[in-house]
Amino acid sequence: MENPCKIVCFGDSITKAWTDMFREAITTQYSNIEVINGGGVSDTTNNAIERIQKILDYNPDVVTVGFGMNDWRKGVSCEGFRHNLKTIVDGLEKYKVR
């Protein structure tokens, strides 16, 4: 991974809770990596589509995507979940984000 590198962890409350631990682990190994917490409490992939521009505004090199628990809990269909994830990934790829 090239340095410096900016990683945004984009997801729900599970992402929000674990990003600090991830940041600590990865920055111990790689000093020029910045990790940004883009987790949102109770977020679904529906909310994620609404927040994608905010994530892109960080100008990330890499985005991790971690959604699912709330989609399941809030009744997002499998087809809706799949469509939303594809929309998120396509949006990131459009801006050359890995």
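**Side chains and surface**

A: Asn 84 lies in helix 4. A caveat before going on: this is a predicted model.

Q: Is Asn 84 buried or exposed?

A: Asn 84 is buried, because its relative accessible area is 6%, and buried means under 20%.

Q: What does Asn 84 touch, not counting residues up to four places away in sequence?

A: Asn 84 touches Thr 45, Asn 46, Ile 49 and Val 76.

Q: And Asp 71, which residues is that one in contact with, leaving aside neighbours within four places?

A: Asp 71 is in contact with Thr 44, Thr 45, Asn 46, Val 76 and Phe 81. Thr 45, Asn 46 and Val 76 are also among the residues that Asn 84 touches.

Q: Where is Asp 71, and what is the nearest side chain of opposite charge?

A: Asp 71 is found in helix 3. The nearest side chain of opposite charge is Lys 74, 8.8 Å away. Asp 71 is buried yet has no salt bridge. A salt bridge needs the nitrogen and the carboxyl oxygen within 4 Å.

Q: How many salt bridges does a search of the whole structure find?

A: The search finds three. Side chains of opposite charge can pair when their charged atoms come close. One of the salt bridges joins Arg 51 and Asp 43, with the closest N and O atoms 2.7 Å apart.

Q: Is Asp 43 buried or exposed?

A: Asp 43 is buried, with a relative accessible area of 10%. So Asp 43 and Asp 71 are both buried, but Asp 43 has a salt bridge and Asp 71 has none.

Q: Which residue forms a salt bridge with Asp 20?

A: Arg 23 does, and the closest N and O atoms are 2.6 Å apart. Asp 20 is partly exposed at 44% relative accessible area, and Arg 23 is partly exposed at 26%.

Q: What about Lys 86, which residue does it form a salt bridge with?

A: Lys 86 forms a salt bridge with Asp 90, and the closest N and O atoms are 2.8 Å apart. Both residues lie in helix 4, four residues apart, about one turn of the helix. Lys 86 counts as exposed at 52% relative accessibility, whereas Asp 90 is partly exposed at 35%.

Q: Changing topic. How many aromatic pairs does a search of the whole structure find?

A: The search finds one. Phe 10 and Phe 67 form this pair, which is edge-to-face, with 5.1 Å centre to centre and 85° between the planes.

Q: Which parts does that pair tie together?

A: Phe 10 lies in strand 1 (residues 5–11) and Phe 67 in the loop between strand 3 and helix 3, so the pair ties together parts that are 57 residues apart in sequence. Phe 10 and Phe 67 are both buried.

Q: Now the surface. Which residues form the nonpolar patch?

A: Ile 14, Trp 18, Met 21, Met 69 and Trp 72 form the patch, and together they have about 640 Å² of accessible area.

Q: Which helix gives the largest share?

A: Helix 1 does, with three residues. Helix 1 (13–29) and helix 3 (69–73) each supply at least two residues of the patch. Ile 14 is found in helix 1 and counts as partly exposed at 44% relative accessibility.

Q: On to the backbone. What is phi at Asn 59?

A: Phi of Asn 59 is near 55°, a positive value in a residue other than glycine. Most residues other than glycine have a negative phi. Asn 59 is found in the loop between helix 2 (45–56) and strand 3 (62–66), and counts as exposed at 59% relative accessibility.

Q: And what about phi at Lys 96?

A: Lys 96 has a positive phi of about 60° although it is not a glycine. Lys 96 is in the segment after helix 4 and is exposed, with a relative accessible area of 73%.

Q: Last one. Where is Cys 78?

A: Cys 78 is in helix 4 (residues 78–94). Cys 78 is exposed, because its relative accessible area is 53% and exposed means over 50%. The C-alpha atoms of Cys 78 and Gly 68 are separated by 10.0 Å, and the two residues are ten residues apart along the chain.

Notes. Residues numbered from 1 in each chain as written. Predicted model: local features only at pLDDT ≥ 70, side-chain atom pairs only at ≥ 80, totals over all residues. Heavy atoms only, no water. Buried < 20%, exposed > 50% of the residue type's maximum accessible area, 1.4 Å probe, protein only. Patch = residues over 30% accessible without salt bridge, like charges linked within 9 Å, V, L, I, M, F, W, Y side chains within 5 Å. Areas by Shrake-Rupley, 256 points an atom, 1.4 Å probe, with all protein chains shown as cover. Lys, Arg positive; Asp, Glu negative; His and termini not counted. Contact = heavy atoms within 4.5 Å. Phe/Tyr/Trp six-rings, centres within 6.5 Å; stacked < 30°, edge-to-face > 60°.
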